[in-house]
Amino acid sequence: MRLIFTTNAILVVYTKVNEDLEEIGRTEVILNSLEPLWVTRTIINYRFAVVQPLTFRIYDIAKKHLNTPVKMLCWGDQYFLGEAICSLSEVLTRPNRSLKLNLRNDYGAPLHSTLTVHAQENVSSRMAVEMTFHCLNLYNKGTDSKSDPFLRISRLSESPTAIPLCETEVVDNSLKPVWRPMALTSQQYGSKDTPLLVECLDFDANGNHRIIGTLHTTVSELETLYKSKAGADLYSHKGQRKKGKLFLDNFQEKVKYTFLDYISYGFELKFMVAIDFTANNGNPGSQWSWHYIDPSGSLNLYQQAIQGVGKVLRSYGNGSKIQALGFGASIQGHHLSRCFNLVSEELTGVAEAFAAYESTLKLVSLAGPTMFGPVINKAAEIVSHSVENGSKTYSVLLIITAGEFTDKQETVDSTVRASELPLSIIIVGIGDADFTGMKMLEAGYGKRLESSTGHVASRNIVQFARMKKNGGQKVLQGLLDKLPGQLVEYISCPRLVDCHTLDKLGLAIGKTERCFAANHLGVFGSKLL
């Protein structure tokens, strides 16, 4: 047995890569202390859509190695004091972004020592430039009408392809468009002298947008353009002819509130899932069915989607429960249900969601048609009650389907109404069906859905992707990556969330801020007994 009176402690940080631990940082050595407070920070590239497990190991450096540079130390030569494990989201969801962890020994037994982990957002990642553009005398690309212009800003690099950073909305039928403000974060443009490409394009619903004119510039030059109050010439793609003038009406640098600011202020994410029980899935007893439950434990695509989205969202929900819905089934052989609860109570985790899903397959008959409207209306009703009760939650509805929706107008109307609520909708298509109509729900290019009564959606809340047997996790991550921005957009919209509501929720922050979360820094302290 070793009695520790004092230590020369160092902390090593690991993350998991393909189930193996990979070192991502190590601190300085704190001499002769049982309560070391390390200053060296570990930089971690934060990803919302991925659960990022972290392992912290503390070693006592032997006296003969105290003069060895920290980077050259070998852990097999040092005395292991203990380790702690958590995910990055566990730290970030704490009000002060500090988490106290109990250390355990190399056999997994708990020790009487603790480690406190603190996460701090990189200030540079919070800086952004907000700009408002307008154009005059644009060249007309239209035939029957004027052009439908929008702007795209891209970053130029050594590769031949420019990297798109942001786009404005589309202004219909105009040669002198004025666009809404757009934000460009420092993460996106890097340096103020980074070469940028501003393109003015004529929108085409088929995606074949035609270039009206281009401008090669930098953030620094755009700032100069704003101060001069002059316009910059847009040139043809080959740079030979002038195609109009671009003006900057506003250029403002500001610190943006991020998704993680709202999460640390107490906002939580709530997971809702709606499962397709229509006949499009095939007989569940057949191994060719999308609902086939493999006795070996291999997950079908429905289970993979529930697990992939659920494990991420629940890490930001402080243990919030899961609402599980179904649609398109014939219940007890005669009653067709457009939308129903899989169980009467909310579920406490993904394992319970799996159990409810499997038991429902045994109780219902697969029928149809595929209708999203009732499901979205049900989710909106649940979210509305949550808002009325003052809950600080943002809900995410995952719809998993094997077929195209048939209630087009009801789905559009329900989505437009839902855009007023703290709700996002992720649709995952399974199988070989024609999912062309899903793209309409996504909108994009500044276009927004319009209901049968003429109401326009407050924001775009739908994301769709097809999921196949291979590469499903990347598909889900791509969908989840957009959620932080949608939450920020909801909270920062004055029409949806007023000052009184923010104060009521304890969010003493600005209303017009928009951006995305970025890098984080870890600062660590420990108490060794």
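Start at Phe150, which has 0% relative accessibility and therefore counts as buried. The model shown here is predicted. Phe203 has 16% relative accessibility, so Phe203 is buried as well. The cut-off for buried is under 20%.

These two residues bring us to ring pairs. A pair of aromatic rings is described by two things: the distance of the centres and the angle of the planes. The structure has 13 aromatic pairs. Take Phe150 and Phe203. Their ring centres are 6.4 Å apart, and their planes meet at 70°, so this pair is edge-to-face. Now look at where the partners sit. Phe150 belongs to strand 9 (residues 149-155). Phe203 is in the loop between strand 12 (196-202) and strand 13 (210-217). The pair therefore ties together parts that lie 53 residues apart in sequence.

Rings also meet charges here. The charged end of Arg57 sits over the ring of Tyr14, 5.3 Å from the ring centre. Lys243 places its charged end over the ring of Tyr139, 4.0 Å from the centre.

Next, find an aromatic cluster. Its members are Phe277, Tyr302, Phe340 and Tyr357. Two of these names return in a helix contact: Tyr302 of helix 5 and Tyr357 of helix 6 are among the residues that make it.

How do helix 5 and helix 6 pack? Helix 5 covers residues 301-314, and helix 6 covers residues 350-363. Their axes are 10 Å apart, at an angle of about 155°. Helix 5 is therefore roughly antiparallel to helix 6. Their crossing is right-handed.

Methods:
Residues are numbered from 1 along each chain as its sequence is written. This is a predicted model: local features need pLDDT of at least 70, side-chain atom pairs count only at pLDDT 80 or more; totals for chains, interfaces and linings use all residues. Side-chain values use heavy atoms; hydrogens and water are left out. Rings of Phe, Tyr and Trp (its six-membered ring) pair if their centres lie within 6.5 Å; planes under 30 degrees apart count as stacked, over 60 as edge-to-face and the rest as tilted. Helices (H or I, at least four residues) and strands (E, at least two) are DSSP runs, numbered from the N terminus. Buried means under 20% relative accessible area, exposed over 50%, partly exposed in between (1.4 Å probe, protein chains only). A charge sits over a ring if NZ of Lys or CZ of Arg is within 6 Å of the ring centre and within 35 degrees of the ring normal. Axes are lines fitted to C-alpha atoms, for helices over the stretch in contact, and angles run from 0 to 180 degrees between N-to-C directions. Angles under 35 degrees count as roughly parallel, over 145 as roughly antiparallel, 65 to 115 as roughly perpendicular and the rest as oblique. A crossing is left-handed if the near helix is turned anticlockwise from the far one by less than a right angle, and right-handed if clockwise. Contact means heavy atoms within 4.5 Å.
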